[in-house]
Amino acid sequence: MANSWRHERWDSLRLLTPNWQTDLPGYAYAGPDPDGYLTAVEVADLIAGYAAASAAPVRTGTAVTSLRRTEDGYAVVTTAGEFRCRTVVLASGACNLPSVPDWQAAVPAKVDQLTPFDYRAPDQLADGGVLVVGASATGVQLADEIRRSGRPVVLSVGEHVRLPRLYRGRDVLWWMAASGVWDQRFDELDDLDRARRLPSPQLAGTPERRTLDLNALVADGVELVGRWAALRDGRALFSGGLRNVFSLADLKMRRLLSTFDEWAERTGAAADAPDPYAPTGVPESARLQLDLGSGEIRTIVWATGYRPDYAWLDVPVLDGRGRLRHEGGVVDSAASPGLYALGLPVLRRRKSTFLYGIEDDAREIVGHLAGHLAGHVAGW
Amino acid sequence: MTEVSTSSGTAENGVNVQALLDAREALKSAPEAAQFTWRASSKWQNGVHSTTRVQNFYGLGQEQSHKTETVFDADHPAVFAAEDNGITPIEYLLVGLASCLTAGVASVAQNRGIQLRSVESTVEGQHDIRGILGDPDVRNGYNDIKVTFTIDADATPEEIEALVAQSQKRSAVFDALTNPTNVTVEVA
């Protein structure tokens, strides 16, 4: 149960949402630290506790190896036998496998390569320089802790989402929820595709509630380079467009924080005065290439994102790019009546991938599913 | 020409944004039509002077053509002991970058309903010419390029900053200059 939280991430990982927001239906956090962030093990325990409290018939240690259509529903083949059902909810998430560029195979053999699935802690790394690729939540967290272990760290930065941990005295995710951003629906967004591809924000759930943006990393001694664009003759070639990805992230953060300010003004919500923040500092001269054969870099950590694993899904519901075709969690209903999804990015709301965000989605999906079972024509 | 009405008003910058949005939609189901080939043909004149002609290209599944042929002379200035029959090749990169970013600013402004009154920019490329003269420790190309926009528009300074940022994000020439590209040069 909660296998990816227990076994497929690094030791220091904590949830990005504060405890008071870590709220499953009828199962709210009741511990002593509402403003803290659960460790990965505590998240796994929370999910196990929820399974026990809800008496859900969970089958642990059972992997699904195939899902296919039958005449009136689906056959689910597992390592513990086959099940038949009329409806299926895919809740395996979007982060089952690491997503790494093809050229990783051409990285010189003397450089170790790790993904967040095999990285555990800095002491497992060879002494020497580390290139962390990707500056979303995973990348900034790993760059930070590896740098603190004393190793030189180069961080390759593409487009990213910058956020302060606290804004006007409150957790930034409090603002996201209170101001209504998290509740924005998939069918109201201007560019749903973009919203679904948005990288995770540069946040960490540390006990100090510290902001972990690029300025903080640079102050720790992390060296920034542009997006890793190509590998040529054993050299990593980085984009020269670093300044613009900083501008884009700063502009978007400023815009988001002003929507918080406007909301606070409108509703009279109590909050401290707006915090000043510095624009992301542009390095005097970011390196454009790095010789991976020189020995400077001993380890590459690929924090280049995750992708879902649908290898077991024997129903033709993926698009040309391997993404699930669904409308707000109702999977391509012509090809697969009774097939649903939950827990994918902006499935029905911006909060769809958060533990507490699943409740509203689940209620609506289950409503549709119940209608399907009762023989109603699909539709909302 | 088209007018796009948005919450911020109606703008007329002369960019047919609707046609571009329609094209993006149409190309989703026909990605092969999106494959373009741009071409130029060059001929040595004398010294370091060459003439490059551009007219035909391929796209949307067939041969296409500009209304007229454009001819570009490239040479080097007198300080390079050349005849200066045209700008230097590396200056053409600045022409490409400035015109691409400017087109982007106009398109993004149109799409966002921002009326432009004037868009001007200067581009400076820092170039250590010891590289091309054979110094192995100096690169041949630009070390640094700086573009400075001066924009007068019905928009806040922040909206103008966002226009310029987005135009870089969607610029073909900005991408070509900031990211490596495979280049094959062969003798026919």
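Predicted model: local features only at pLDDT ≥ 70, side-chain atom pairs only at ≥ 80, totals over all residues.
Which residues of α3(A) are buried?

Residues are numbered from 1 along each chain as its sequence is written, chains are lettered from A and ligands numbered from 1 in the order in which they are written, and side-chain values use heavy atoms, with hydrogens and water left out.

Chain A comes first. It has 8 helices and 19 strands. Helices here are DSSP runs of H or I, at least four residues, and strands are runs of E, at least two, numbered from the N terminus. The C-alpha trace spans about 65 × 55 × 40 Å along its principal axes. For 380 residues, a compact globule would have a radius of gyration near 21 Å, and chain A agrees with 22 Å. That radius is taken over C-alpha atoms, and the globule rule is 2.2 Å times the number of residues to the power 0.38.

Now to burial. Buried means under 20% relative accessible area, exposed over 50%, and partly exposed in between, with a 1.4 Å probe and protein chains only. In chain A, 44% of the 380 residues count as buried.

Back to the opening question. The buried residues of α3(A) are Ala137(A), Thr138(A), Gly139(A), Val140(A), Gln141(A), Leu142(A), Ala143(A), Asp144(A), Glu145(A) and Ile146(A). That makes 10 of the 12 residues, so α3(A) is largely enclosed by the rest of the structure. What do they pack against? The partners in chain A are β7 (129-133), β8 (153-157), α6 (214-219), β15 (297-302) and β16 (306-307).

Next, helix lengths. The expected span is 1.5 Å times one less than the number of residues. Helix α3, residues 137-148 of chain A, should span 16 Å, and its end C-alpha atoms are 17 Å apart, which agrees. Just after α3(A), Gly150(A) takes a positive phi of about 100°. Helix α7, residues 242-267 of chain A, has 26 residues and should span 38 Å; its end C-alpha atoms are 38 Å apart, which agrees. Gly268(A) follows α7(A), and its phi is positive too, near 70°.

Contact means heavy atoms within 4.5 Å. Take contacts in chain A between residues at least 6 apart in sequence: 67% join residues at least 24 apart. Lys and Arg count as positive, Asp and Glu as negative, and His and the chain ends are not counted. Each charge is placed at NZ of Lys, CZ of Arg, CG of Asp or CD of Glu. Chain A has 42 positive and 48 negative charges, with mean positions 3 Å apart.

On to chain B. It has 4 helices and 8 strands. From the N terminus, the order is β-β-α-β-β-β-β-α-β-β-α-α. The C-alpha trace spans about 55 × 40 × 30 Å along its principal axes. Of its 188 residues, 28% count as buried. For contacts in chain B between residues at least 6 apart, 48% join residues at least 24 apart. There are 13 positive and 25 negative side chains, and the centres of the two sets lie 5 Å apart.

Where is Thr88(B) found? It sits in the loop between β6 (62-74) and α2 (89-111) of chain B. Thr88(B) counts as buried because its relative accessibility is 10%. Leaving aside neighbours within four places in sequence, Thr88(B) is in contact with Asp75(B), His76(B) and Pro77(B).
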